[in-house]
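Let's take a friendly walk through a protein model. Keep the sequence and the 3D view open while you read.

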Amino acid sequence: MAIEDQSYLTGDQLHAKLAEQGVRVKDSELRSWRRLGLLPPSRESGIARHPISSVAQIFEITRLFEIKKKADFVGWQLWLRGYDVDERYWRPLIESSAKDVQKWSKRITNLVRRADDDEATGDALDGEILELANTGKLPPPLSNTKRNVSAEDQADALRILLDAIAGSFDPDIGLEDKVQRLNGVSLLMGMRKTNQDSVLGQRIQIFDVLPGILKAFGEIQNAPIKGALSSRAGMMHLADARDTFFCGMKAASDFHAATSWIFGTRAFGLKTARWIFERAPASFQAGIIVCWMQVRADSAFDTPSLGETREQAKQAARLLEISQELRHLSQKSGPLAEILTPKRLRSALQNNEQLEKLIQELHASKVKLA
């Protein structure tokens with residue numbers, strides 16, 4: 001009796017699995033996606049067999065094509081999610097980003113060092129940065145937050161970022177100066193509400209990690225990414241950086257989506273993170289992955305493990321589900337619309353006493369939450 005390979009599916013089994021998820025695709029579409037390198041090849045042994053992982057991958061392909069009907073977009077997004085796709089969708093972006101990161105970090109380092117050594121050069125640099133801030137010609141995502149920050153504060157924050165890239169940022173500066181400088185950077189990066197919004201007294205402690213991130217920027221220019229991709233160890237480092245980036249940005253994006261209707265569009269200072277995850281160009285995302293790969297490999301900065309980041313992403317996804325249920329209930333007529341208002345929810349999330357009061361009102365309304 002022949003032993004069936006459980007890691008592969010026949011064509012009929014594949015379509016049955018997809019139908020269970022409400023997905024229907026033609027065989028011609030599957031063949032087209034394989035030719036494009038969006039799906040791994042099927043195994044031919046008299047009858048076509050498909051890797052069982054193809055079910056989830058096909059589901060993602062159909063969902064991503066609904067967002068944008070571009071193979072390059074779908075291929076990059078599949079690679080971010082860890083799926084097996086042709087190298088054309090990710091390697092050129094990663095290698096190009098690595099080259100650009102090294103080129104610009106070295107140029108910035110040379111510029112900052114000249115400015116530090118010569119007062120006239122330093123004054124000229126500060127003037128150019130202020131002019132850039134005044135004209136408002138900042139690249140995204142910085143351009144998304146500039147209207148909330150004065151030109152002078154923008155210029156100060158930009159200079160701090162340049163110093164960090166050049167390896168000149170000192171995380172051990174005086175406390176008062178440190179808070180002022182970090183606050184400027186957080187404002188420029190759209191994280192103004194990070195230390196304002198809270199849930200039961202808990203806040204995102206961005207000031208605890210931002211100095212380490214800025215210090216780690218100075219190591220990015222030494223990233224030998226292109227050469228690293230030719231080794232197995234390098235590919236493992238890249239996959240780790242990619243997966244940590246994806247899970248971390250998804251967690252931030254889901255958390256922002258879950259809380260923004262309660263705390264406002266800039267909830268917890270995560271609007272920029274959501275932009276990076278949902279809307280940033282692939283080249284921008286690739287640049288972050290390259291930088292993160294170097295930081296995790298060589299920096300003394302204590303970065304979260306991939307396991308921790310995946311757990312955070314799971315918790316944020318669950319929080320988003322609950323939030324969507326609450327919002328759905330809040331949009332119904334009757335007493336729920338009065339109980340589940342953003343203002344009442346913000347108040348309830350300030351302390352346990354207010355939260356318990358809200359829960360009692362919900363119980364009185366016989367509302368069942370998952």
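## Contacts and overall make-up

Among the contacts in the protein with a separation of 6 or more, 67% are between residues 24 or more positions apart; here a contact means heavy atoms within 4.5 Å. The model is a predicted one, in which local features need pLDDT of at least 70 and side-chain atom pairs count only at pLDDT 80 or more, while totals for chains, interfaces and linings use all residues. Residues are numbered from 1 along each chain as its sequence is written, and side-chain values use heavy atoms, with hydrogens and water left out.

The protein has 17 helices and three strands. These are DSSP runs numbered from the N terminus, with helices (H or I) of at least four residues and strands (E) of at least two. Of its 370 residues, 42% count as buried. Buried means under 20% relative accessible area, exposed means over 50%, and partly exposed is in between (1.4 Å probe, protein chains only).

## Nonpolar cores

In soluble globular proteins, nonpolar side chains tend to be buried together. A nonpolar core is a set of buried Ala, Val, Leu, Ile, Met, Phe, Trp, Tyr and Cys residues joined through side-chain atoms within 4.5 Å. Which members of the largest core touch the most others? They are Trp-33, Trp-79, Ile-94 and Ile-289, out of 61 residues. Helix α11 (residues 232-263) gives the most to this core, with nine residues. Another core, of 20 residues, lies apart from it and includes Val-112 and Ile-206.

## Aromatic pairs

The structure holds seven aromatic pairs. Rings of Phe, Tyr and Trp (its six-membered ring) pair if their centres lie within 6.5 Å; planes under 30 degrees apart count as stacked, over 60 as edge-to-face and the rest as tilted. The pair of Trp-33 and Phe-65 is stacked, because the ring centres are 6.1 Å apart and the planes are at 20°. Trp-33 lies in helix α2 (residues 27-35) and Phe-65 in helix α3, so this pair ties together parts that are 32 residues apart in sequence. Both Trp-33 and Phe-65 are buried.

Phe-246 and Phe-277 form a tilted pair, with 5.4 Å from centre to centre and 55° between the planes. Since Phe-246 lies in helix α11 and Phe-277 in helix α12 (residues 271-278), the pair ties together parts 31 residues apart in sequence. Phe-246 and Phe-277 are buried. Elsewhere, ring pairs link Trp-76, Trp-79 and Trp-90 into a cluster.

## Salt bridges

Side chains of opposite charge can pair when their charged atoms come close. A salt bridge is a side-chain nitrogen of Lys or Arg within 4 Å of a carboxyl oxygen of Asp or Glu, and a search of the whole structure finds 14. In one of them, the closest N and O atoms of Arg-81 and Glu-60 are 3.2 Å apart. This pair links distant parts of the chain, 21 residues apart: Arg-81 is in the loop between α4 (71-80) and α5 (91-117), and Glu-60 is in helix α3 (residues 54-67). Arg-81 is partly exposed at 24% relative accessibility, whereas Glu-60 is buried at 13%.

Asp-254 and Lys-250 also meet in a salt bridge (2.7 Å, N to O). They are four residues apart in helix α11, so about one helical turn separates them. Asp-254 is buried, with a relative accessible area of 10%, and Lys-250 is partly exposed, with 27%. Finally, a network of salt bridges links Asp-116, Asp-126, Arg-159 and Asp-163.
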